[in-house]
Amino acid sequence: MKEHVKTPPAEEPRPDGILGLAESFWAAKALMSAAELRLFTVLAQDGPLDGETLRRRLGLHERSARDFFDALVALGMLERENGHYANTRETDLYLDEKKPTYVGGFIEMLSARLYPAFATLTEALQTGKPQSPEAKGGNADFFAELYSNPEQLRLFLRSMTGVSLAAARGIARLFPWKDYETFYDVGAAQGGLPVEVALAHPHLTGGGFDLPQVQPIFEEYVASFGLQDRLRFVPGNFFTDPLPRADVLVMGHILHDWNLDEKRMLLRKAYEALPSGGAIIVCDRIIDDERRRHANGLLLSLVMLIETPGGFDYTGAECREWMKEAGFRESRVVPLDVRESMVVGIK
């Protein structure tokens, strides 16, 4: 008689991935708090430190300091040996505010602005309207509010430098700058990209184009690298003023702030400002064309929903199509790192 073999029941899926994603803001906020407390800067200057010394240096209550430090160890943000805490290689490089590679300003902005703002995502999805503090106060123009406050503007521009450095170095390395002589960064902020490109390619001259309030911050940053003879600031508004003429124009983290008509208009203005053979470089967290893999770019588009009246992130194919409409004869998408890509258009 043939024996029947029972098939074991399929194991039920576990909710671990769902819950882990839902709880991921715990880890994010722990890192934000550490950056706000200057924990990594303290350890970079004076570490390693034992837990009690570190607690007192940061002014923390004794109840939860140990859990806080050890959570950062478990998250890979700190190292601990013989009861003493120290930065990892990454946190020492990127979260010590004394170093030019500091990205903590961006993390502080996330904590102060986007962390509470993202709690309004459900309402934003239901209404399609921005939920930023400015929008709630009747002013949907985030940038006008930001640029009117010198202290906030300086913090914002510094944070943009920190978060853009890796992409700027990728652009400096992967674009064929030897074929060009002049360039301008449109929406240059503190000047992180022009500085990286100029340092890597001594034959280039150019600079940055941004609102007049940015000029002293840009010039201070450029002068700190001794590049003031090669990089200059051009004040202007890219909606109302012509763009500076150069062989190459760069728009880094610019297009995603604006609606479709505004995106197309900016690309047309770039085309008009470039010579034949000139290039436009658009850098953003470009979404993959199938819209399946690049969750970071898709989530950033939801940030644009909360922060701006019409901004959104986009795929490489979409950007290439807009460039074609503007008149560019060819274009290509070039990955810079796991988060950023550039779309290059040639006139």
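The paragraphs below walk through some backbone features of this structure and then turn to a pair of strands. The model is a predicted one, in which local features need pLDDT of at least 70 and side-chain atom pairs count only at pLDDT 80 or more, while totals for chains, interfaces and linings use all residues. Residues are numbered from 1 along each chain as its sequence is written, and side-chain values use heavy atoms, with hydrogens and water left out.

Most peptide bonds are trans, and most residues other than glycine have a negative phi. Against that background, the peptide bond leading from Gly47 to Pro48 is cis, with omega near -5°. Pro48 sits in the loop between helix H3 (39-46) and strand S1 (49-50), where helices (H or I, at least four residues) and strands (E, at least two) are DSSP runs, numbered from the N terminus.

Asn82, although not a glycine, has a positive phi of about 55°, and it is found in the loop between strand S2 (78-81) and strand S3 (84-87). Arg291, also a residue other than glycine, has a positive phi near 55°, and it lies in the loop between strand S8 (279-284) and helix H15 (295-307). Buried means under 20% relative accessible area, exposed over 50%, and partly exposed in between (1.4 Å probe, protein chains only). Asn82 counts as exposed because its relative accessibility is 71%, whereas Arg291, at 47%, is partly exposed.

Finally, strand S9 (residues 330-335) pairs with strand S10 (residues 341-346) in the antiparallel sense over 6 bridges, where pairing requires that DSSP finds at least two bridges between two strands. A hairpin through 5 residues joins S9 to S10, and Val334 stands opposite Met342 in S10.
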